[in-house]
Amino acid sequence: FVGLGNPTPDSENNRHNVGFKIIDSINKKFGLSKQKPKFKGLLTTGNVADQKVYAIKPLTFMNNSGICIRELIEYFKIDAEDVIVFHDDLDVEFGKIKAKFGGSSAGHNGITSIDKFIGNDYSRVRIGIGKPKDKIEVGDFVLQNFDEDEMVGIDKICKNINDSISILVAKKLDLFSSTVNNSK
């Protein structure tokens, strides 16, 4: 599992950091190991849905996330198709997720970096952050913090992802998306 975000303390609640929030939630829910700095990221390990997993938050900043992922998969001899990346997506309605295998980066710099370093044959869980309501640059919007109501929504997304993680680990991406999006 890879969660995309930026490693600075003031980025913690940014829209761009929703991938980090998902990894933190998975770590807590499934009691993964203490985070250790490794492969230019913060790595945890453990078992989720009877599978050994590695969960990492790259510390290389969004635009260089691929460096961290390549080091991790080369060291543990993980196939790219077994990588699942959690990231923010402007083109998905806030609070919804879309899981897919492969595809383009759609302009997401973190995904562009991963594609450059490991190719694009991996799964992505796109977490909807919605579009800016005001005339604001996209770059500024994704670096804004979630508001209080949105944070409640993000907590719900994290819970729904954790509740359906066995479906994701089994790579049933369409079923995972519909299950998470239809959870109460």
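**Group meeting: a walk through a predicted model**

Residues are numbered from 1 along each chain as its sequence is written, and side-chain values use heavy atoms, with hydrogens and water left out.

Back to asparagine 160, then. Its place is in helix 5, residues 148-163 (helices are DSSP runs of H or I with at least four residues, strands are runs of E with at least two, and both are numbered from the N terminus). What does asparagine 160 touch, not counting residues up to four places away in sequence? The partners are Val180, Ser183 and Lys184, where contact means heavy atoms within 4.5 Å.

Now the whole protein. There are seven helices and seven strands, and from the N terminus on they run β-α-β-β-β-α-β-β-α-β-α-α-α-α. For 184 residues, a compact globule would have a radius of gyration near 16 Å, and the 15 Å of this protein agrees with that (the radius is taken over C-alpha atoms, and the globule rule is 2.2 Å times the number of residues to the power 0.38). Along the principal axes, the C-alpha atoms fill a box of roughly 45 × 35 × 30 Å. Buried residues make up 49% of the 184. Of the contacts with a separation of 6 or more, 65% are between residues 24 or more positions apart.

On to helix packing. Two packed helices are described by the angle between their axes and the distance between the axes. Helix 1 (residues 18-30) packs against helix 5 at about 50°, with the axes 10 Å apart; axes are lines fitted to C-alpha atoms, for helices over the stretch in contact, and angles run from 0 to 180 degrees between N-to-C directions. The two helices are therefore oblique to each other (under 35 degrees is roughly parallel, over 145 roughly antiparallel, 65 to 115 roughly perpendicular, and the rest oblique). The residues of this contact divide into nine nonpolar, two polar and three charged; here Ala, Val, Leu, Ile, Met, Phe, Trp, Tyr, Cys and Pro count as nonpolar, Asp, Glu, Lys and Arg as charged, and the others, Gly among them, as polar.

The other pair is helix 2 (residues 65-76) with helix 3 (residues 109-118), at about 40° and with axes 7 Å apart. Helix 2 and helix 3 are therefore oblique to each other too. From helix 2, Ser65, Gly66, Ile67, Ile69, Arg70 and Ile73 meet Gly110, Ser113, Ile114, Phe117 and Ile118 of helix 3. That contact has six nonpolar residues, four polar and one charged.

Last, a look at two strands. Is serine 123 buried or exposed? Serine 123, in strand 7 (residues 123-128), is buried, because its relative accessible area is 2%. Leaving aside neighbours within four places in sequence, serine 123 contacts Val83, Ile84, Val85, Lys100, Phe101 and Leu173. Phenylalanine 101 sits in strand 6 (residues 97-101) and counts as partly exposed at 43% relative accessibility. The C-alpha atoms of phenylalanine 101 and arginine 124 are 6.2 Å apart, although 23 residues separate them along the chain.

Conventions
This is a predicted model: local features need pLDDT of at least 70, side-chain atom pairs count only at pLDDT 80 or more; totals for chains, interfaces and linings use all residues. Buried means under 20% relative accessible area, exposed over 50%, partly exposed in between (1.4 Å probe, protein chains only).
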